[in-house]
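User: Could you walk me through this structure and tell me what stands behind the terms you use?

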Amino acid sequence: MSQHQDSPELFDEATVRKSMNLSRRSNTTKKPVNSSDTTKNNATDFEKSDELRVYRQNTFRFRIAHTKYIFLMFFLGLLQLFAVIFFCKGFLLTRNVIGDVATFDVQLQGLSEKSFANEKNQIVFNKTVILIIDALRFDFVSPQPHSNEVYHNHFPILQNAPHSYLYKFLSDPPTTTLQRLKGLTTGSLPTFIDAGSNFNGEVIDEDNLIKQFHLNNKTTYFAGDDTWKALFDPYLSKKSKYYESLNVWDLETVDQGVMRYFDEHLTEEDEEWDVLIGHMLGVDHVGHKHGPNHHEMSTKLEQMNAFVSEQLLPKIDNDTILFIFGDHGMDHTGNHGGDSKDELETTLFVYSPKFGVTPPKSTNHDHKVVNQIDFVPTLSLLLNIPIPFNNLGWPIEDIIENSGFAQTLNQIHHYQETSKVLEGNPLLLTNLNTHFNKNEGAIYQRLFLENCKSMWAKFDLISISIGITLLSISLCLIIVITKLIPSIVVGQMVHEFVPSIIVMCMISCVSLNSIFQILNQPSFLENWKFCTLFSLAIGIIVGCCIPIFDRYTIKWMAIKFFEEINDYWSRVAVLMITLHALCFTSNSFTIWEDRIVAFLLTTIGFLTLYEFAFAPKRASTNALFTAASSRVSNMLSKTQHSTFVSSWTHRSHSPDKQHSSDLHAANEGENVSDNTASSETLPLGRFARVIGAYHSLLLILATRLASNITICREEQGTKCIPTFVNANNYSWWAMLGIFLLIWSLPTCIKGYYNISSSYQAAAPVWINQFLKSSLFLSFIYWFLNYYETTYGSLPFDAQIWKFSISRIVAGFSLVALNIGWAMGPMCIKLDLRNTDLKSQTATILGYSNVYGAQFFLLVINFVMAIMFFSKPLAQLSLFLMINQLLSILEIFDLLKLKENLIGPVTLGLLAYQHFFSTGHQATIPSIQWDTGFMLTEKITFPFTHISLILNTFGPFFIVALSVALLTLWKQPPSVLKPQTLLSRIVSNCGMLLIYNTVLCLSSFAWVTHFRRHLMVWKIFCPRFMFSCMTLLVIQVVVIFVTVAFASGRLIRQINNIFWK
Amino acid sequence: MTSEKRPLAKKKKSVTFSDYDTVITPSISNNHAHKKRFLFSGFRRSARKDHDGSHQPVSMRKSLTTVPVHLLFLLYYYMKTFDIIKLYYMAIPSQIFYLMFQFRKNTVYGGKKLMKTNYSLLLSSFVLALPVLSLATTIIFVLCGAPLLSMDYLVKTIQLSFHCCILAFPAIYTIFNCNFKVAIFKKYFIAIMFGCWLSCIVIPLDWDRDWQEWPIPLVIGAYSGAFVGYTIGAYI
């Protein structure tokens, strides 16, 4: 049912008038009149114009207030964004890159004086072939005699080939391809910030191997991963071939391309190249798509084995050296990016017929270990080119002779002197110089490398403290504005906030910028961009403070703050927030955050269960306030009469009661007993208690069930068995699960709608048709994936089908249905009954939940998209989440805690719980990159990012939307003024933001405190980045979708129809 | 919170959970001598007239004899040995002893002290109620996140919940003996549960101590909670 907000044509005109006549006859004050009907009303002209004027004035006022609310929240969000930017600037390290290029002059200086006469000369090669097999973990190639794993012993050639060396190749974290390529060519240590720019690497500024090839007139041919194009484009030959790197569904294209390229160019005749590089991605993609434990992996490794033994090794002549290595390993799920043993250990294989007889390789686990950066000086020396300027590695001893070590020592020492990395540490410098003079190169290098590693973890503490301060202030402001100042007053104050913020921003921007330009003060701001950000932040803070301190004092706020948390449930909420925020005080708590969050949510479930079971007396101020201000709604929602109804018909026509109970008995089998009517005098009726206990149990049970789905962190070790693995995601029972989801999810939602008889008009269309068909399409999509994974490729081209399905679902749910929702689909129905010949009763079904039912349709839109972009097990988790969400809404409606802190906090916990149970962790490897390619084949700006964000932050989306439902669910119209409703929604949204800001602030503080901790890059830093992202995502959704798009429209529309 | 699943409801004895259901209004309590001592007497409600005495008030006397000193010894023993089975041998007799000579003697029901131990009830509640209740407690533990990785863990959880039930046994027996007034004794269950809840905090820590193994922290937590609960139970 569509309708326009200004001229609602909800009902048949005649019906409406009939109902109005009825209401007049029954002598009640309330009338369901709307503007268009007013003209046809037989009220007097004077009344009409007066009503209209008041109505228009109210609508206008509401619009203005609504817009200003959005601006206010937007500014507060902006302040938090600035805080995050400042903190990240200080915390995420960048290394000072020196653009010097190495030359032989420095490196060979003094070498002739030292005698190497009795040494044999360094073997030098003219040609080099390098084959990089992405994610080639060491145990893939080394012999594993007693292993039954499918990925073991399928790549034996590297172990068995003569004239070769095989090493365990130890990469440095972060183990992402871009960082590893930088390390492998520059010999340096890329910092963590680079990990974020894995997508769009820029050309390396630093001196590197490829640049040295280029400078020394060696032609480099390349085939494979297109990351190389981004990094080394100017230095690579124009005949190089690049392939899309991040499309992990594609296991073959890159490998086939590299093999063909090698076939073409690796011939005796081809004299054009000096260095031939291939970068294969097949193994990595198999890992991302299926995990290592899959038959695809053995096939892939056998393919590699055949390629190396049959095509590569025979073609290497005496003048050529072959390197085969991986850039990083993979963990047990096939992902990488962290620094676990499996991710760090990869393979290095060196082969040349010139080597003569090499010592036999060990068959045990004691292969020689070399660092990844050691490759850089080794190759430079073998090709007789200068070692790149930044190199920190040490040549591999088996291959390189003593003269090479001396040259490397010269290079490292030169770098140390030029870069002045260790300037602040004179003791260490003298120590190093002693080693240099004694020519103890290996010790020198190890010492220097260790110190560089710790030195490059240098933090900008001023920016960090600015970030923390700004975030704390924004937290205080949000608390004061959304929680402490009464919402009615805020409604008036927004008119002052917005202008004062804008003016203050302008003033501080101008003054600070001019001070900065002229005096270069404050000096901690690097350039005008940060100066502007800083001044805007100050402007927002001052602009907010002026209207606040105009009316209130700090003392008043402190008193109000303690009043606010003075009731039982608020204290529970504060306790939950505190416990969650304290998670970041220890690495173990952060590791086990998934369990802790589920535990806290279960605790809330048990507390509500206790509440319903024992109904203890609580002097809840908030509940009293709510009870007083929305008395009608409570009267309705408290008992079974909440099932419907327009209050006037309910009061005047007693037969209606009978009707209602009939109606209700049909719904969900919640039987109505007569004696409940007497319990209405109690705060919670017996029936309500049973219902509430049922919802609490459901919440607990669903929490426990969902928490079984987990992708374990590597640190969780044996105490966690990962269930969110591809074997389970693409198993028959997961398929059965999402197949049943097509019916079970709509049925469950329908059940919740039926509690308030809201399953009317638009609801069946949305839930039973749109949602069902979207779930069906999603099932088909994932079933195709399942089929491909389990039984190999399909007889037809599935890719086209999959893309069509994904685009249809995404477009339909995110675009079409949201436009459809904006038209205002109502979930009410006019029910006319003849009780006798003369009088008729009209009942509006779904009246009591007219706001909530409609708002939830919007949530359903997003649920459709998020479901689709989640893997099968995650879809099951989201199904449980919807049930939990609606149960939570019911629980807090029954307990009359709609305005309490506990509601948003519970929803926040729910979001976190389902973030973890949809197969995520606060680590970089656990990002499900493959879902980024569901809409497009290649990385295309908004689409890849949208699908990744929906996949990762899906639960946060749902919760940030439905936090408004805490207010709107079971909220009958014409009880609260539009402004009041809006300010309550903002207050609840504010609480969700407060919760996440506290978490973000806590993670800021603790990651700063632990900045020298062993685990900082592995545990604390990813968690802090995740908090930032979560906070920003929730900000965006709350401000732009929940408040700006949805709430205003909904409240206006309902107010239009039920305006009195 | 074990008490939600109270299985034995006899005729003429109504199971009462809610505070409101067990509220004694002044009009009724006037009939009794000890009206000042009633725990819940603020909330107005027109109570039904009862003939079987199910609305007679129950309370605990404030006395030092309710302090369960034996729990401290048991706790000390357990922290030395971590032997959950041997703990049963010591906990069961001492809890029954505590119930008979300390807890029961301080229970005031209907204005009178409970003078006699109802041995048949003691036996039947121990044999029948405890297994059922510990099953219910196991379910609660599992719902709260007790590990289900292997059968071994489940057995340990069952052992833990049996310990909890033994700790709660004095309260359980008294509830049976006093016409199922759950609401007044729920504080003991809450104390034990809260002890378990709080002790979970040490499980995730990576100290690699053997006492972090499931379910040792929870047993310790339950005993500490029970000690605190029985000690201050009469005062709250």
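Analyst: Chain A is divided into domain 1 (13–43 + 565–1058) and domain 2 (136–401), with bounds that come from an automatic or database domain assignment. This is a predicted model, where local features need pLDDT of at least 70, side-chain atom pairs count only at pLDDT 80 or more, and totals for chains, interfaces and linings use all residues. Residues are numbered from 1 along each chain as its sequence is written, while chains are lettered from A and ligands numbered from 1 in the order in which they are written.

User: What makes residues of domain 1 and domain 2 of chain A part of a contact?

Analyst: Two residues are in contact if their C-beta atoms, placed from the backbone, lie within 7 Å. By that rule, domain 1 of chain A gives 19 residues and domain 2 of chain A gives 22 residues.

User: And how many residues do chain A and chain B bring to their contact?

Analyst: Chain A brings 22 residues and chain B 18 residues. On the chain A side, H25(A) supplies the largest share, 9 residues; helices here are DSSP runs (H or I, at least four residues), numbered from the N terminus.

Conventions
Helices (H or I, at least four residues) and strands (E, at least two) are DSSP runs, numbered from the N terminus.
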